[in-house]
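Here are my notes on the model, as numbered points. Please read them with the structure open.

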Amino acid sequence: MRPAKREKSSKLVEFWSTDTDLGVFTDVAAARVADRQGFEFYGKMKCWKADPMAHRTTLDAERGAKPTKAQKKAANGADRERIFEAFRRWGYLQANLDPLGFLKPLESPDLDFTGEIADEARALYCGTTGVDFMHLGQPERRRWITERMEGEQPVVNQQKVLERLVRADLFENVLQARYLGTKRFSLEGNTSLIPLLDAMLDTAGEHGAVECVMAMSHRGRLNVMVHTACKTPHEVVAGFEDVDPRSVLGAGDVKYHIGATGVYKTAEGKEIEIHLVSNPSHLEAVDPVAMGRVRAKLTRFEGGFDRDVTNKVVPIIMHGDAAFAGQGIWAETMNLADLDAYTVGGSIHIIVNNLIGFTTRPIQEHSSRFAADLAKRQNIPIFHVNAEDPDAVVRVGRMAAEYRATFGSDVVVDLIGYRRHGHSEVDDPTITQPLLYERIKNHPQLWKIYAERTGIDATKTMESVRAEYETEQVKAGQLKKIPHLRQLPKYWSAYHRGAFKPEYDVETGLSLEKLGEITDALVRVPQGFHVHPKIVKLLEQRAEMGHGKRALDYGFAEALAFGSLLEEGTPLRLTGQDSQRGTFNQRHAVLIDTVNEWGHVPLAAIANSAAAKPFCEIHNSSLSEAGCLGFEYGFSRDFPEALVLWEAQFGDFANGAQVIIDQFISAGEDKWDLPAGIVLLLPHGYEGQGPEHSSARLERYLQLAAEENIQVCQPSSAAQYFHMLRRQARRPWRKPLVVFTPKSMLRHPDASSSIEELTQPKFLQLVPDREVMDAKRILIASGKVGHELKAERKRRKDATTAIFFLDQLYPLPRHEIGAALDAHPNAREIVWVQEEPRNMGPFFYVMPRLTQIAHARGLSIRSVKRSASASPATGSAKAHELEQKTLLSLAFTTTNAQ
């Protein structure tokens, strides 16, 4: 769903308009199916208990069919290939991967060979590098790895590697000496990560990389900031100094969570911009955010997602072994790798493997032998490498980066080392792992091991680097303010964050003529396209809506908002579970040919005809919440010009993405000064569908709301929805927007709008009553229940009760509420009405604020709502109906309920 200039990509499904070859869709689909065929599985797995570090896994020898005489003759001439094939497949199980020797090589009957050929194969595949790659479905990929493992090995610049190891270790040593008892999550025990990243970036630069998005948890972050993001040490060390607390008072984050931007210079002198993504303590939550940022950066390049483009931006994600194996958001993110809506042309994953998680040993962390085995669900190779063989580490780094660049595929590097200190430097690990830490205590630093192994004298380098870091530490103590380690990209210069200012406001209405033009484009289909009979009727109705002959529903109001923004040059990206059609059969942004299932996207046709050629992406997502929402948040971070929306199938499904909402969407600007314009569409409303499909947990978002960090809206009509979407895109103020969208009200006449309402200038944060002019009582509600209150008022023939719709809950429009109340000078009471239980919905947020407004005007105030409940709603449709009738009745008769 991209404009014509991006259509040469084979990674994205290509949709067509009237002048496009109808065969494109099936050709691409067939190519993708062919690309994913041919997976093979080898070996049999059974329980293994003898050695705890073997992780319950061993392998039985395969028993093939009895060979024929011809086969025996052929086999006699192929001993070498047969032996090598076994080691290619299983050699990684016997590799020497643990510097401390706890993870012992695993005996396998498949490798029970002796002789010169076996020794040669064992040296290649069972040394300090073990490669798990024979599960790859493509022979050319297996052959590619085989040739590099068995061919001549590239020369390693050992002098440079030694210097980087000295720098990495001494950086930690200086911090340990100067800030004893302070957390820093040292890289010691895995300092070969720094030359590993060097090798990857140098190789990526050779393949055209100009940017690299990195993500990682705490461990080693400060080291990576200095040596890979190339921040000066005193800027990074400043986080340990008590530097002007007012510069971060009320905001900010700890030093090992914040991100950094810098420029890495490759061995050939090429510059690569580094973006180290800020990350909370939910270690793997950053994964989809980084992937979304990469996708946005790639989208900026002309030519779509061909490999020469994807190689320009390289994602490198660093994981801890415990988090990689244990945290589900990583599995969700990994599944996105080859989906058209999310592909970034492959990513490089490094497991900074300490063989421990806080106090937990691997036997308690994951059921497989390696933490990396989770990645075998995908068609990607895994390189295990001993962190204390820096030459092997560098070669693996080059190979991994080259593999990603060549095949556009994910790749995993399992860098196995150890953790010199406790989980943090203030923790005592000898309490839980006394034998392990007795061995670590006497284990020399890696730079010393490497210097002795290579015969290079590191004395002068060590003295020079130590003096440099000590000088930098002194400089850090002289700083007056905490330095900013990151800068927003230039494309953010036109957009504002922080508090809202009136000058940011814009008009959102369109002329009837323009709405008619957009309508015509939205209901047009290609010649020969076989439209479903129900959709034929829908398009006819939408044509009537857009030309004022029928009231507009939510689905078409949304389409008009999207179409108008695309025509004005605003890019659009909408993803979610079943978002192309819409969960409630309301959107139909992608029309499907009933004969061949080709797709047509009217909005994409509008984008293609617009002067600015904005992209238009509307995708059904994976059945994932945390991974997909994190991805879209990341995309919005690097494409502020676009309207980026994520839709939940039902609003409560967002529960599964709460870590992204809590740690990034609501707090990212306050913690890291990183704005975003992501929109969440959360279907909400009590219709008797039970506890799982009623509440989008509105109360959670209002509890998170402070300092104008987010916007929370529940538009009461199709026109309000139209204006709200256009406001979000057209204002130069970027804040996340949480929208509680309707279900039953999607097509209800009460929530429909006339076409003239779309010509009005703005979204109304509070919709006053236009029917009752001089009310004695004022009901204030938000969402569907407001329409039900209007119906109840009509049934009662009540002419003294006004009903206000609070369409923007946060920031609360106090001025608009006050003005609407002042229009009813004879009113005596305000009643807040919600259909959610007392402990849910807006009650705890709205009532204190409405009470202040009411008391300032001498008005009494009370509320009507369901009783507090542990569950959001009843599972009985009849019980729901009874509750709802009682609720509406009380709204008009209650005098003292609270």
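Which residues are exposed on the other side of α15? They are Leu 435 and Lys 441. Exposed here means over 50% relative accessible area, buried under 20%, and partly exposed in between (1.4 Å probe, protein chains only).

1. Basis. This is a predicted model, in which local features need pLDDT of at least 70, side-chain atom pairs count only at pLDDT 80 or more, and totals for chains, interfaces and linings use all residues. Residues are numbered from 1 along each chain as its sequence is written, and side-chain values use heavy atoms, with hydrogens and water left out.

2. Overall make-up. The protein has 30 helices and 24 strands. Both are DSSP runs numbered from the N terminus: helices are H or I with at least four residues, strands are E with at least two. Of its 898 residues, 60% count as buried. Take the contacts in the protein with a separation of 6 or more: residues 24 or more positions apart account for 82% of them. Contact means heavy atoms within 4.5 Å.

3. Helix α15. This helix covers residues 434–441, and its buried residues are Leu 436, Tyr 437 and Ile 440. Seen down the axis of α15, they fall within an arc of 85°, so they line one face of the helix. The arc is that of the directions from the helix axis to the C-beta atoms. An α-helix has 3.6 residues a turn, so residues three or four places apart point the same way.

4. Helix α17. The 19 residues of α17 (459–477) should span 27 Å at 1.5 Å a residue, and the end C-alpha atoms are 28 Å apart, which agrees. The expected span is 1.5 Å times one less than the number of residues. Met 462, Val 465, Tyr 469, Glu 472, Gln 473 and Ala 476 are buried in α17. Viewed down the axis of α17, these buried residues sit within an arc of 105°, so they line one face. Their cover includes α6 (158–178), α8 (221–227), α9 (233–237) and α16 (446–454).

5. The α18 and α20 pair. The axes of α18 (512–522) and α20 (554–567) come within 10 Å and cross at roughly 100°. That makes α18 roughly perpendicular to α20; the cut-offs are 65 to 115 degrees for roughly perpendicular, under 35 for roughly parallel and over 145 for roughly antiparallel, with the rest oblique. On the α18 side, Lys 514, Leu 515, Ile 518, Thr 519 and Leu 522 take part. They meet Phe 556, Ala 559, Leu 560, Gly 563, Ser 564 and Glu 567 in α20.

6. Ser 424 and Phe 185. Ser 424 lies in the loop between β10 (411–416) and α15. Ser 424 is buried, with a relative accessible area of 5%. Leaving aside neighbours within four places in sequence, Ser 424 is in contact with Lys 183 and Phe 185. Lys 183 is 241 residues from Ser 424 along the chain, yet their C-alpha atoms are separated by 5.5 Å. Phe 185 lies in the loop between α6 and α7 (193–206). Phe 185 counts as buried at 5% relative accessibility.

7. Backbone points to check. Most residues other than glycine have a negative phi, and most peptide bonds are trans. Phi of Phe 185 is near 55°, a positive value. Phi of His 588 is also near 55°. His 588 sits in the loop between β11 (572–576) and β12 (591–592), and is buried at 12%. The peptide bond from Tyr 810 to Pro 811 is cis, with omega near -10°.

Notes
Axes are lines fitted to C-alpha atoms, for helices over the stretch in contact, and angles run from 0 to 180 degrees between N-to-C directions.
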